[in-house]
Amino acid sequence: METFLISTGLVSIAEIGDKTMLLAIMLAATWRRPLPIILGILAATVANHAFAALAGSLLARFMDGEWLRWGVGLAFIGFAAWALIPDRFDEQPDMTEKTFAGVFWTTAAAFFLIEMGDKTQVATAMLAARFNDLVLVVAGSTLGMMLVNAPAVLLGEAAARRLPLTWIRLAAAAGFAATGVWVLLAR
């Protein structure tokens, strides 16, 4: 249960104010079709985070305990610094397809591509390397993404204006830093 809860918590905190959250808000404001957008986000997140967790699990098999501990710990401390850098999202979605399938597939493709190399994807890989439990890490990181993005879709742009993103970024950085220090100090 620890693996699931830590994965959920870290990814949800890291996702707040992230470019994929901004994409969710923008798609919701543009298309006003929450169900296919939320399902597209879910499909993209499961695929993307399964890939990331698999990569993290493979990494854990090739690194011994001490090297893995240092690699994961320092990676999370790096995520803490990365979380302090605001994301920018400048692209506009193609507004030609407004059918359920069109909105779903456009959302899924956009989320999958934008999530590549993102801090939540890399965090998922590092969590999988740390906990070596692919299913619980993917389930937790996916839930973390959905806990942030589903409300972002439902609340749209109005919610984004009210969130103090600077403070949220600081909380995400603190969570990553604490995890990094915990991994480095845990024996």
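**Chat about a helical model**

Q: Which helix does the largest share of the nonpolar patch come from?
A: Helix 3, residues 34-62, which supplies four residues of the patch. Keep in mind that this is a predicted model.

Q: OK, and what residues make that nonpolar surface patch?
A: Leu-35, Leu-39, Leu-42, Val-46 and Phe-100 make it, over about 390 Å². Leu-35 sits in helix 3.

Q: Stepping back, how many helices and strands does the protein have?
A: Eight helices and zero strands. Along the sequence that reads α-α-α-α-α-α-α-α.

Q: How much of the accessible surface belongs to carbon and sulfur atoms?
A: They account for 70% of an accessible surface of about 9,200 Å².

Q: And what share of the residues is buried?
A: 48% of the 187 residues.

Q: What about contacts with a separation of 6 or more: how many are between residues 24 or more positions apart?
A: 95% of them link residues 24 or more positions apart.

Q: Switching to the inside: which residues of the largest nonpolar core touch the most other members?
A: Leu-23, Ala-24, Leu-27, Ile-37, Ile-41, Phe-111 and Val-153, out of 21 residues in that core.

Q: Which elements give two or more residues to this core?
A: Helix 2, helix 3, helix 5 (100-115) and helix 7 (134-162). Helix 2 gives the most, with eight residues.

Q: Why is helix 2 largely enclosed by the rest of the structure?
A: Because 10 of its 13 residues are buried. The buried residues of helix 2 are Lys-19, Thr-20, Met-21, Leu-23, Ala-24, Ile-25, Met-26, Leu-27, Ala-28 and Trp-31.

Q: What should the 13 residues of helix 2 span, and how far apart are its end C-alpha atoms?
A: At 1.5 Å a residue, helix 2 (residues 19-31) should span 18 Å, and its end C-alpha atoms are 18 Å apart, so the two agree.

Q: Which residue with a positive phi follows helix 2?
A: Arg-32, with phi near 50 degrees.

Q: How about helix 1: how far does it reach from its first C-alpha to its last?
A: Helix 1 has 14 residues (2-15) and reaches 20 Å, close to the 20 Å expected at 1.5 Å a residue. Gly-17 follows helix 1 and has a positive phi, near 80 degrees.

Q: Which residues in helix 1 are buried?
A: Thr-3, Ser-7, Thr-8, Leu-10, Val-11, Ser-12, Ala-14 and Glu-15.

Q: Now some threonines. Is Thr-120 buried or exposed?
A: Buried, because its relative accessible area is 0%, and the cut-off for buried is under 20%. Thr-120 is part of helix 6, residues 119-131.

Q: What is Thr-120 in contact with, leaving aside neighbours within four places in sequence?
A: Val-11, Ala-14, Glu-15, His-49, Glu-115 and Met-145.

Q: And Thr-45, buried or exposed?
A: Thr-45 is also buried, with a relative accessible area of 2%. Thr-45 belongs to helix 3. Not counting residues up to four places away in sequence, Thr-45 touches Ala-50, Thr-142 and Met-145.

Methods: Residues numbered from 1 in each chain as written. Predicted model: local features only at pLDDT ≥ 70, side-chain atom pairs only at ≥ 80, totals over all residues. Heavy atoms only, no water. Patch = residues over 30% accessible without salt bridge, like charges linked within 9 Å, V, L, I, M, F, W, Y side chains within 5 Å. Areas by Shrake-Rupley, 256 points an atom, 1.4 Å probe, with all protein chains shown as cover. Salt bridge = Lys/Arg side-chain N within 4 Å of Asp/Glu carboxyl O. Expected span 1.5 Å × (residues − 1). Buried < 20%, exposed > 50% of the residue type's maximum accessible area, 1.4 Å probe, protein only. Contact = heavy atoms within 4.5 Å. Core = buried A, V, L, I, M, F, W, Y, C linked by side-chain atoms within 4.5 Å.
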